[in-house]
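Trainee: Please take a close look at one surface patch in this structure. Then set it in the context of the chain around it.

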Amino acid sequence: MMLTTVNIFFVNICIIFLVSTFTFYLLRDRLPIQPDSMMSTRLYFGLANGVTGILLMHHAIDLNGALIDLRLLPLALSALFGGNVSIAVTGTMLLFYRFLIHDGASLNVLLSSVITLLGFLILSFICRQFITRQGYFFSAIVTVGSLLVLWRLIISNSPVDAWETIYIPYFILTIGGAILFYRLSSLLQQHFVLYSYQSYLASTDQLTRLANRHVILEKVTTLEKSNASWSVILFDLDHFKTVNDTHGHAIGDAVLRHFSIILNEYCPVPVTVGRYGGEEFIIIIPDSEQYSPVIIAETIVTAVQQTPFVMQDHAVSITVSAGIAYAHHQPAEMVFKQADAALYEAKTQGRNQYRLYQS
């Protein structure tokens, strides 16, 4: 009997491990999860732990109608990371599902389950008010929660050998599993946060926070394969070398950031905005019929002229030139050359303007 108990609890631990890893992976762009995270993040996390608890109920020990499993752990994880919102979602799901699958259990057993779960929820809310350190908080709710479950089991009609075959293995594996998943969850969060940060660094120009050349080329490759109607706008800040020579490279960098803010402000959401190199910037428009590159270029050229870069003591007037090219099923390299040719024409015609490539 004891071996069966250990096997069931081992399956419980595997379920928690798999679902937790999958959950952190899906929410990797929202990590770290904490009580002040976005409401949707905390709801998703509570939902995932509720699903974990439901799976655990299907791999539980049935002791006179009472289901013994490790669903205390996903409840504790919800309380630890997602706070009151997550644990309320998890607890509600488990209560509802427990009634749904009562399967002939007596009213006293169901009532006892409800009281135990509600007691744990209240315990979590109280501990959250007085314990600020995560490790202490998690230890407190797991220890008191497992003792609460044991007390409930002891007062029920249990087999004579329940202490050796169920109670002691339950308590040991609950505490051991809590230590394991506290450490595992922290490491998973750190891993996916680091992964997201490295992905961000690999795809972002560090000065302007725009997409870098690699991301631009990936976007263009995707558009080429889809045969979409797309277009390119190349921008080049006018007389940028003069800004660097007159005011220094620190001011030059600030001007680049200033221009990147204007680009983000006046470009529609589907448009990819990136730094092409030096003082050159690029816009990839995926749907040229819906988003006119001519209108976008004209808007940005005007906005730059009307929005000088302000330093501590005076303003620096900047302008930009732009070249536009449409993709008509020709290779992306050819589209870029056409946009560059149009940009060169805008420069030679007096700058502070845009030109559309005419084939």
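Mentor: F22 sits in helix α1, which covers residues 2-26; helices here are DSSP runs of H or I with at least four residues, strands are runs of E with at least two, and both are numbered from the N terminus. The model is predicted, and local features need pLDDT of at least 70, side-chain atom pairs count only at pLDDT 80 or more, and totals for chains, interfaces and linings use all residues. Residues are numbered from 1 along each chain as its sequence is written, and side-chain values use heavy atoms, with hydrogens and water left out.

F22 is exposed because its relative accessible area is 52%; exposed means over 50%, buried under 20%, and partly exposed in between, with a 1.4 Å probe and protein chains only. Together with Y25 and L26, F22 forms a nonpolar surface patch of about 330 Å² of accessible area. Such areas come from the Shrake-Rupley method with a 1.4 Å probe, and for residues only the protein chains shown count as cover. Patch members have over 30% relative accessible area and no salt bridge; nonpolar side chains (Val, Leu, Ile, Met, Phe, Trp, Tyr) are joined within 5 Å, like charges within 9 Å. A salt bridge puts a side-chain nitrogen of Lys or Arg within 4 Å of a carboxyl oxygen of Asp or Glu.

An unreviewed UniProt entry lists residues 6-27 under "transmembrane region", along with 43-61, 73-97, 109-131, 137-155 and 167-184; positions follow the numbering used here, feature names are shortened, and annotations may be inferred rather than shown by experiment. In the model, residues 6-27 are 95% helix and 0% strand, with end C-alpha atoms 31 Å apart. Residues 73-97 are 100% helix and 0% strand, and their end C-alpha atoms lie 17 Å apart.

C14 is partly exposed, because its relative accessible area is 31%, whereas C267 counts as buried because its value is 11%. The structure holds zero disulfides, a disulfide being a pair of cysteine sulfur atoms within 2.5 Å.

Elsewhere, H258 lies in helix α9, residues 249-266, and is buried because its relative accessibility is 15%. Leaving aside neighbours within four places in sequence, H258 is in contact with T307, P308, F309 and I318; contact means heavy atoms within 4.5 Å.

For the whole protein chain, the secondary structure comes to 11 helices and nine strands, and 47% of the 359 residues are buried. The accessible surface is about 18,300 Å², 61% of it belonging to carbon and sulfur atoms.
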